[in-house]
Amino acid sequence: MKIPLFINGSNITLEAEPQESLMKVLHKNGYTSVKSGCDKGYCGSCTILLNDNPVASCKIPAGLVRDSNIITLEYFSKTTEYQTIMEGFSKAGIKLCGYCNAGKIFSAYNILKLTKIPTREEIENSIKSLSPCCTDSETLVNGIIYALRIHNKKTDRITSSKERNH
């Protein structure tokens, strides 16, 4: 089956069986940041952004993503949001292992794009299923909080600058 979609800003067509997991299809096509972990959608190793929402690609049949927009960690790592998240993670002392990065980074991104500032408990709930292979949950929450603060400072600076120019 031919599946037209957008991956990392490019319009492409993938060849796949409709029931084949999106994770396997992406990995076969060279998107190496999409890792195979638990194959149950819990660990975060196969996380991608599907229409700007983090999802476990191991749980999604390739046939369902026709005309969707997919962002992998390879592409996302070139964004300012990624730099902000990594700065927050670094401040918390998080050194990612390279295997489960996508789940942690895309979960942080999903929190950063919220319009309200989440509570610590809300952040804990949003990451509770992620693999703790390279950092514990408390440190990850701290890294996300640092990233939120950095993000909000940058956003405030941009907003203030725009207001002064009007």
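Here are some friendly notes on the sheet, the helices and the cores of this structure.

1. Before you start: this is a predicted model, in which local features need pLDDT of at least 70, side-chain atom pairs count only at pLDDT 80 or more, and totals for chains, interfaces and linings use all residues. Residues are numbered from 1 along each chain as its sequence is written, and side-chain values use heavy atoms, leaving out hydrogens and water.

2. Helices (H or I, at least four residues) and strands (E, at least two) are DSSP runs, numbered from the N terminus; two strands pair if DSSP finds at least two bridges between them.

3. Next, look at strand β1 and its partners. With β2, β1 pairs in the antiparallel sense over six bridges, and F6 has N11 in β2 as its bridge partner. The two strands form a hairpin with two residues between them, and N8 in the turn shows a positive phi of about 50 degrees. With β5 (residues 69-71), β1 (residues 2-7) runs parallel, joined by two bridges; here I7 stands opposite I70.

4. Contact means heavy atoms within 4.5 Å.

5. Which residues have the most contacts inside the largest nonpolar core? They are F76, I85, F89, I105 and I144, in a core of 26 residues. Such a core is a set of buried Ala, Val, Leu, Ile, Met, Phe, Trp, Tyr and Cys residues joined through side-chain atoms within 4.5 Å. Helix α4 gives the largest share of this core, seven residues.

6. Another core, of 20 residues, lies apart and includes I7, I48, I60 and A62.

7. Finally, S107 is found in helix α4. Is S107 buried or exposed? S107 counts as buried because its relative accessibility is 12%, and buried means under 20% relative accessible area, exposed over 50%, partly exposed in between (1.4 Å probe, protein chains only). Beyond four places in sequence, S107 touches A102, S126, I127 and L130.
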